[in-house]
Amino acid sequence: MRELLLAGLVVLGVCGWIFVLRLLRALRVSKEESARLGDRTRKLEKRIEESTGQLERIAGTDELTGILNRRSLMQRGDAECSRAQRHEHPVSLLLLEVDDFQQTSAAFGKELGDRALKAIADNLVDSVREHDVLGRYGDDEFVLVLPHAGEERAIAAAERLRLRIGQMRLPSPSGEVLPITASLAVAVLHRRETFQEALRRAEAAVKESRTAGRDRVQKA
């Protein structure tokens with residue numbers, strides 16, 4: 001009887017160890033599966049984040065020129081001007097309007113007009129600083145926001161852009177080479193002024209520039 005009892009205890013002990021070993025193995029497998037699942041989840045979250053960022057960039061980009069579209073320009077401009085007001089540092093706006101764009105498009109076709117806008121946008125991208133804000137404001141209008149730039153610096157930047165665009169030449173389908181010029185307005189943000197209010201001053205100044213003969217920089 002005693003031997004049977006001892007044998008039973010041995011069997012129970014062995015079975016217990018087998019159970020414990022299987023349980024530990026199951027826990028180890030579960031932990032490995034959890035680690036693999038966590039890794040897959042992190043990779044999926046990264047892909048979703050990258051895709052979301054890409055979609056946001058696409059949604060905020062002008063399809064023709066590849067720079068900010070009007071909606072994103074207004075958001076970024078508001079943010080930059082609000083930051084300037086909070087920290088009391090200067091910020092200037094340049095509004096650029098292509099001279100006689102509507103007449104050129106009417107005479108030579110929309111394709112040539114689009115090529116002109118794309119060429120101007122590329123020129124602007126090559127000319128601006130990394131932290132400047134550049135966007136397409138209207139059909140033939142571009143806006144450049146210059147943080148930490150006062151009036152003198154902004155006017156000098158506008159003159160450089162005017163001269164650079166004035167050196168561009170665009171071949172037409174008929175073989176005629178068309179010059180491109182632009183009228184620009186410079187508006188330095190006033191104290192307690194909003195981005196939209198500064199833009200309205202710039203729009204009025206560009207209108208004055210057109211009246212005065214185009215291809216010039218006008219202070220708002």
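Residues are numbered from 1 along each chain as its sequence is written, and side-chain values use heavy atoms, with hydrogens and water left out. As the model is predicted, local features need pLDDT of at least 70 and side-chain atom pairs count only at pLDDT 80 or more, whereas totals for chains, interfaces and linings use all residues.

Helices (H or I, at least four residues) and strands (E, at least two) are DSSP runs numbered from the N terminus. An open sheet is formed by 5 strands in the order β2-β3-β1-β6-β7, with mixed pairing; two strands pair if DSSP finds at least two bridges between them. β2 (133-138) and β7 (217-219) stand at the edges with a single partner strand each, so one side of each is left without a neighbour in the sheet. On average, neighbouring strands of this sheet are turned by 20° against each other, direction ignored. Strand β1 (residues 91-98) and strand β3 (residues 141-147) run antiparallel and are joined by 7 bridges. The bridge partner of L96 in β3 is F142.

Helix α6 (residues 195-212) lies across β1, β2, β3, β6 (182-188) and β7, and runs at about 145° to β6. Axes are lines fitted to C-alpha atoms, for helices over the stretch in contact, and angles run from 0 to 180 degrees between N-to-C directions. Contact means heavy atoms within 4.5 Å.

Two packed helices are described by the angle between their axes and the distance between the axes. The axes of α6 and helix α2 (residues 70-87) come within 9 Å and cross at roughly 110°. α2 and α6 are therefore roughly perpendicular to each other (65 to 115 degrees; under 35 counts as roughly parallel, over 145 as roughly antiparallel and the rest as oblique). In α2, the residues L73, M74, G77, D78 and C81 meet F195, Q196 and L199 in α6. By class, this contact of α2 with α6 has 5 nonpolar, 2 polar and 1 charged residues. Ala, Val, Leu, Ile, Met, Phe, Trp, Tyr, Cys and Pro count as nonpolar, Asp, Glu, Lys and Arg as charged, and the others, Gly among them, as polar.

Helix α3 (residues 101-108) packs against helix α4 (residues 110-127) at an angle of about 140°, with the axes 6 Å apart; α3 and α4 are therefore oblique to each other. F101, T104, S105 and F108 of α3 make the contact with K110, L112, G113 and L117 of α4.

The structure holds 1 cavity of 30 Å³ or more. A cavity is a set of points, on a 1 Å grid over the protein atoms alone, where a 1.4 Å probe fits but cannot get out; lining residues have an atom within 4 Å of a point. The volume of the largest cavity is about 40 Å³, a volume being the space filled by probe spheres set on the points, which are joined across faces, edges and corners. Its lining consists of L94, L96, L124, F142, V143, L144, L161 and L184. β3 gives the most to this lining, with 3 residues. The lining residues divide into 8 nonpolar, no polar and no charged.

How values were computed: On a 1 Å grid over the protein atoms alone, a cavity is a set of points where a 1.4 Å probe fits but cannot get out, and a pocket is an open set with protein on both sides within 12 Å along at least five of seven lines; lining residues have an atom within 4 Å of a point.
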